[in-house]
Structure formats: C-alpha cells, structure tokens
Amino acid sequence: MFARRRKHFGTPADKATYATLHTASLASPHLREGLTPAAAGKASRHLRDLLGTAAIAICDSSGVLAWDGVGGPYESNHRGDAKALAAPTLRSGRTAVLGAHDVACSDPQCPVRTAVVAPIVTEERVVAVLVAYSIRSSAALVRATEEVARWVSGQVELAELNKERTRAIEAELRALRAQISPHFIYNALAAIASFVRTDPGRARELLLEFADFSRYALRRGGEFTTLADELRNVERYLVLEQARFGDRLKVSLQIAPEVLPVVIPFLVVQPLVENAVRHGLEGTTGVGHITIRARDRINEAEISVEDDGSGSDPEVIRAALSGESGSDSVGLGNVDARLRQVYGDAYGLVVETAVDAGTKVTFRVPKYSSGVHATP
C-alpha cells in the first residue's frame, strides 16, 4: 500500500516569502542590463507585483522609462504627470508621499489616488525614482516602496559593475595584443622570408597561416571563444614557429574531445604557448618539447601548457603575474587577470617552475558560467 502524499506546501508566511523571492528573481535579470527603457519596461511588471499597487512608474531626468499597471484613460491621465511628480525626489533624494491633491484625476473610478516616490541611487547619486501609485497610502506602502527602490538600486549598481568589468577586460585584451603582436610578427615574417627563394610554395602556405592567425588574434569580436577555436589558432601559431625552429620544436597535444565546445576567454591559451616556446627554445641549441593538454574535470575543463626548457625563478613568475614591468613572460599577468575577472580568484593561473626544471602553466574554467558565451 502506498502512503498518501502530503499536500502541505508550508505556512502562509513560507508561501509569501517564496512568492516575493521568485518575483524578485524575475525582475533581476532585466535590471542587470542597466536602467534603460527596455530593461525598466521588462522589470516593471514584476516590481509592481512586489508592491501590489495599482500602477508603478520608473522615471529619470529624461522622463518616464517605464509604466505598468492601469491602462487606457487612467494611464493617459497619470503617465504624463509622472516626470513632474518625480522631479523633487530626483533633486533631493528624499522619499515623497503624495496625496489626492497632487495625484488624483477627475475620474472617480480611477484607482490612482496617492503615490509614493522613492529614489533609486547608485554611488550616492540619484539616477531615477520609483513611483508607486495606489488608491490610498500607508506607512507599510511607504516602507515597501523604499525597500524595493533600494533593491533596484543594488541591481543597477551591479549592472554598472558588469559594464566596468567588460571595459576592463576589453582594455586587457588590447594591451595583450599590443604586447604579443610585435614580438611574434617580427619572428613570423623573418621565418617566411627565409623560404621565399628556396621554397616559394612553403612561403605561400606560411603566409596564409600568418594571415589566419592575425585575423583571429586581432579580430574585433566578443571577449569569449570556444576552446576548439582557440586551439585551432594555437596550431597556426605553432606551424609558424616550427618553420622557424624546424625539428628543434616538438609538440604534443592531448585534448579530450568533450571539452572542445567549452567557452573560454579569448586569447588565453596562445600566450601560454608562446611563453613555452620562448623559454623552451630561445637561447638554447637543443630540442624543446611542449605538451598542451585539455582535460575533462566533470564540471570544469583543465588546460595546461608544459615545456622542458630552462624554467624560471618563481619570484620572476610572481612578478609577471602581478603585472610588474620588466618581466619577459608575455601576457602571463594579463591572462591571469582576465581569468580572475571572469570566474573569480579561484580560477587564476597555477605556475609550476624552477630554474633548469621547465615550466607548467595550468588553469581551469567552468564548463558553464553565467554571462560567458562564445561570439563570432
């Protein structure tokens, strides 16, 4: 015999808490886009649900960003006045409670009789206001409107932080391109030039590889790509370096196919391979071995680049990771900073090295991360 399943869904307080949190979670993604008319319009319905009022408006100094609630003639009666009602709070940053004398229209059936105007503040600056319209005001409505406006302020600040993070990542990418390109371009063109007379066909192939490499490295696309695309460009880079070093450069790739679709920050593997080539071969006369691995770690992908070259003093590597000038480790600090910006401090580079002992650089990325999407 099967026991009858209980039909108990919690206390009324539990249900109310869940409903409030769920409604807030529906508004949050839109507000994280910033306080634009489109984002405010999508969030406004959920914000009105939180307050349970007849209507709400979100206004900034330019006018009404969003309106939700009573429509038809009621909306036309009140939406046009919202900017004027919001202006004192936009200037002072103080919540205003407006009565029928300020708000009510001539239609006796209109549910808009009072309004609470609360500021939306980011970095101690009033950027907009939330206007909650109701048939009557109360202390509870005033407190609720202020709390919702304060929560909206927090979401808008997070949107600004996301924009700052994006700008910082773009600046890091520009710096990385400026750091890598001159060094690599000089060596690649010199290698191609050496084949122009002796093997024109090979020179042509190398020029095409160089063009494809440059197109990828200097593209104006987004900040993320797939591991498959990043490794494809690493192969182009290695073709050009093998033209330069010949049999002295031995490369081994150990790539788990299941991690190839994983999305990673743009240009995070090639700088590590370039470092391995420089420190594994430049200045030596022997053969250098480089191993590139990409492993499946359940919820993460682990990528490593290892060389058997001269290694380095760990203090030099610490200086490179901290971005100190004078380091000859191309892009290490840049790559480390961008990984931490995207995924958090737990996802920076791990460097294992010692003088005359080679170098291994490893990093992990989550297979799925909010806001991380490959772009062409």
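Does Arg297 count as buried, partly exposed or exposed? Select Arg297: at 38% relative accessibility, this residue counts as partly exposed. Please bear in mind throughout that the model is predicted.

**First stop: the surroundings of Arg297**

Glu302 and Arg297 form a salt bridge, in which the closest N and O atoms are 3.3 Å apart.

Select Glu306 and Arg293 next. Their closest N and O atoms lie 3.0 Å apart, and the two residues form a salt bridge. This pair links distant parts of the chain, with Glu306 in strand 10 (residues 300-307) and Arg293 in strand 9 (residues 288-297), 13 residues apart. Glu306 is partly exposed at a relative accessible area of 29%, whereas Arg293, at 15%, counts as buried.

Then move to Asp229 and Arg232, whose salt bridge brings the closest N and O atoms to 2.5 Å. Both residues are in helix 8, and because they are three residues apart, about one helical turn separates them. Asp229 counts as partly exposed at 31% relative accessibility, and Arg232 is likewise partly exposed, at 41%. The count of salt bridges comes to 13.

Which residues touch the most other members of the largest nonpolar core? They are Val269, Phe363 and Val365, in a core of 50 residues. Helix 8 (residues 227-245) gives the most to this core, contributing eight residues. Now select Val365 and display its contacts: leaving aside residues up to four places away in sequence, Val365 touches Val262, Ile264, Glu300, Ala301, Ile303, Leu339, Tyr343 and Tyr347.

Select Cys110, which is buried with a relative accessible area of 2%. How many disulfides does the structure hold? The number is zero. For Cys110, the nearest cysteine sulfur is that of Cys105, 3.8 Å away; a disulfide requires sulfur atoms within 2.5 Å, so Cys110 is in none. Cys59 counts as buried, at 0% relative accessibility.

**Last stop: the whole chain**

Eleven helices and twelve strands are present, and 45% of the 376 residues count as buried. The chain exposes about 19,700 Å², of which carbon and sulfur atoms supply 53%.

Note on methods
Residues are numbered from 1 along each chain as its sequence is written. This is a predicted model: local features need pLDDT of at least 70, side-chain atom pairs count only at pLDDT 80 or more; totals for chains, interfaces and linings use all residues. Side-chain values use heavy atoms; hydrogens and water are left out. A nonpolar core is a set of buried Ala, Val, Leu, Ile, Met, Phe, Trp, Tyr and Cys residues joined through side-chain atoms within 4.5 Å. Buried means under 20% relative accessible area, exposed over 50%, partly exposed in between (1.4 Å probe, protein chains only). Helices (H or I, at least four residues) and strands (E, at least two) are DSSP runs, numbered from the N terminus. Contact means heavy atoms within 4.5 Å. Accessible areas come from the Shrake-Rupley method with a 1.4 Å probe; for residues, only the protein chains shown count as cover. A salt bridge is a side-chain nitrogen of Lys or Arg within 4 Å of a carboxyl oxygen of Asp or Glu.
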